[in-house]
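Morning, everyone. I'll walk you through one protein.

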Amino acid sequence: MSDENSTSDEQAMADEWAAALEEQGDDGGVEDEWAAAMAEQGIEPEHDAAPVELDELHDEGAPVNMSNPDLDVILDIPVTISMEVGSTEIAIRNLLQLNQGSVIELDRMAGEPLDIKVNGTLIAHGEVVVVNERFGIRLTDVVSPSERIRKLR
C-alpha cells in the first residue's frame, strides 16, 4: 500500500513540475546562440552529432549515445548548482555576535531575482516557486552562451 502511495505522490509531483516547466515556455534560440558563441571562439560545431535528450541525462540507467564519445566523457562529471539570495560583508566581530534570531541585511532588494550559479559561475537568474510543498527555482533569465564562454576566460 505504501508503494502505491509513494508512486502516486511521485507522479503527482512530476506532473506539477511538468506544468511549472511548461509555463516557462521553450526558447528555440538557445542553439543558435551556442553556435554563434562557438563560431566566435573559432570552434567548428559537429553537425553529425546526435542531440542528447534531457531524459537520457537524468536517467542513470539510460543508454548513452556512443556515436559521440566526447560527450559521454563529460556527462557524469558532477557540478554544484547554487542559488544566491544575496550577500554582504561583515566584520568577524559582528559574525561572532550572531545568534538565533539575528537579522543580516543583504545587498538585494526584496523581490529581486536570485542568482543561479554552477560551480560559482553565474548562468541564470530565477525566482522561487513552491511545487508540492517543496521549493524550486523558475529561470527568468539565462546568461547567453557567448557571455558564459567569455566569463570562462
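Start with strand 3 and strand 4 (residues 134-142): they run antiparallel, joined by eight bridges. Two strands count as paired if DSSP finds at least two bridges between them. Strands here are DSSP runs of E with at least two residues, helices are runs of H or I with at least four, and both are numbered from the N terminus. Find G126, and you'll see its bridge partner in strand 4, L139. The hairpin of these strands has two residues between them, and there N132 takes a positive phi near 55°.

Before going on, a word on the source. This is a predicted model: local features need pLDDT of at least 70, side-chain atom pairs count only at pLDDT 80 or more, and totals for chains, interfaces and linings use all residues. Residues are numbered from 1 along each chain as its sequence is written, and side-chain values use heavy atoms, with hydrogens and water left out.

Which residue in strand 3 is the bridge partner of D115? That's H125. This hairpin also has two residues between the strands, and N119 takes a positive phi near 50°.

Step back to the whole chain. The protein has six helices and four strands. Along the sequence the pattern reads α-α-α-α-β-α-β-β-β-α.

Next, the surface. V85, I90, L95, L98, I104 and L106 form a nonpolar patch, with about 490 Å² of accessible area together. L98 sits in the loop between helix 5 and strand 2 (114-118). Why does L98 count as partly exposed? Because its relative accessibility is 34%, and partly exposed lies between the buried limit of 20% and the exposed limit of 50%.

Last, confidence. pLDDT is the predictor's confidence in each residue, from 0 to 100. Its mean for the protein is 75, and 63% of residues reach 70 or more. Over residues 55-59, pLDDT stays under 50. Where pLDDT is low, the predicted coordinates should not be read in detail.

Methods. Contact means heavy atoms within 4.5 Å. Patches are made of residues with over 30% relative accessible area and no salt bridge: like charges are joined within 9 Å, nonpolar side chains (Val, Leu, Ile, Met, Phe, Trp, Tyr) within 5 Å. Accessible areas come from the Shrake-Rupley method with a 1.4 Å probe; for residues, only the protein chains shown count as cover. A salt bridge is a side-chain nitrogen of Lys or Arg within 4 Å of a carboxyl oxygen of Asp or Glu. Buried means under 20% relative accessible area, exposed over 50%, partly exposed in between (1.4 Å probe, protein chains only).
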